[in-house]
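Q: I am new to this structure and would like a close look at a single part of it. Please take me through that part step by step, in one connected answer.

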Amino acid sequence: MTASRPRPALLAPLLTAAAVLILVLLAGELLVAHPDWSLTEQSWIRTVQSAGNPVLDVAAYAIGLMFGPAGAIFVVLIVAATAILVGRGWTGTVHTLLVIVVPWTIAEVLKEVVRRPRPGSDLASAGVHPLTFSFPSGHTAFAAAVCTAVVLTLVARRARAVTIVIAVVIVVATAWSRVYLGVHYPTDVVASLVLVPTLSIAVDRAVTRMPIFARASVETTRQ
């Protein structure tokens with residue numbers, strides 16, 4: 001018997017995710033190969049920082065803490081608990097966690113492949129190790145992964161429009177905070193904004209096609 005081809009519902013997101021991943025990787029390599037562009041982005045960072053005030057400082061640092069390595073564990077636990085409370089069961093919870101962890105991990109691996117140096121020199125004050133790399137933004141990638149996972153797997157269809165608006169605000173605020181603190185170039189956060197939701201959608205589609213996860217996915221869609 002001839003094996004059936006993947007349906008477009010799965011094939012299209014996978015191909016899109018692969019294409020975006022390749023394009024982001026190439027963009028990162030070009031940015032590293034042409035450091036003059038980073039100098040241009042330094043001026044953009046200064047423009048963002050020129051509007052600084054104590055309130056924005058507190059907001060940026062709070063966002064950095066929430067979506068940083070320490071805060072990420074807490075956020076993931078909250079999302080997992082929410083999945084259980086809304087009746088997703090263990091399979092639905094694992095589904096949600098995969099949609100978060102896989103794209104986030106890919107973004108972190110990409111960062112080690114591209115190895116773009118971070119902007120500025122006062123990174124420790126923002127809680128960033130100076131020897132870590134910049135492209136793409138890990139904080140933005142995590143925020144995007146969490147928000148996309150919540151929209152795709154935890155929210156009923158009738159509530160998705162409002163949830164998407166809230167998710168966009170959270171992710172954009174996270175991206176802004178990384179540039180405002182001077183720990184990422186604008187292109188770093190843009191890369192995460194483009195890459196991670198695309199990967200998350202592909203992971204969601206792939207997981208949904210697995211029989212063990214199919215029931216939980218159908219129940220969420222019907223809500």
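A: In this predicted model, Val 196 is in contact with Pro 103, Ala 107, Ala 141, Ala 144 and Ala 145, once its neighbours within four places in sequence are left aside. Val 196 is also among the residues with the most contacts inside the largest nonpolar core, a set of 26 residues in which Val 79, Ile 100, Phe 142 and Val 146 are listed alongside it. At least two residues of this core come from each of H4, H5 (89–114), H6, H7 and H8 (186–208), and H6 gives the most, with 11 residues.

Helix H6 (residues 138–154) packs with helix H4 (residues 69–85) at an angle of about 0 degrees, the axes lying 11 Å apart, and the two helices are therefore roughly parallel to each other. Val 79 of H4 and Phe 142 and Val 146 of H6 are among the residues that make this contact, which by class has 9 nonpolar, 2 polar and no charged residues.

With helix H7 (residues 160–180), the axis of H6 crosses at roughly 175 degrees and comes within 9 Å, so that H6 and H7 are roughly antiparallel to each other. Here residues of H6 including Ala 143, Ala 144 and Cys 147 meet residues of H7 including Ile 164, Ala 167 and Ile 170; the residues of this contact divide into 11 nonpolar, 4 polar and 2 charged. Ala 144, named in that contact, is also one of the residues that Val 196 touches.

Technical notes:
Residues are numbered from 1 along each chain as its sequence is written. This is a predicted model: local features need pLDDT of at least 70, side-chain atom pairs count only at pLDDT 80 or more; totals for chains, interfaces and linings use all residues. Side-chain values use heavy atoms; hydrogens and water are left out. Axes are lines fitted to C-alpha atoms, for helices over the stretch in contact, and angles run from 0 to 180 degrees between N-to-C directions. Helices (H or I, at least four residues) and strands (E, at least two) are DSSP runs, numbered from the N terminus. Angles under 35 degrees count as roughly parallel, over 145 as roughly antiparallel, 65 to 115 as roughly perpendicular and the rest as oblique. Contact means heavy atoms within 4.5 Å. Ala, Val, Leu, Ile, Met, Phe, Trp, Tyr, Cys and Pro count as nonpolar, Asp, Glu, Lys and Arg as charged, and the others, Gly among them, as polar. A nonpolar core is a set of buried Ala, Val, Leu, Ile, Met, Phe, Trp, Tyr and Cys residues joined through side-chain atoms within 4.5 Å. Buried means under 20% relative accessible area, exposed over 50%, partly exposed in between (1.4 Å probe, protein chains only).
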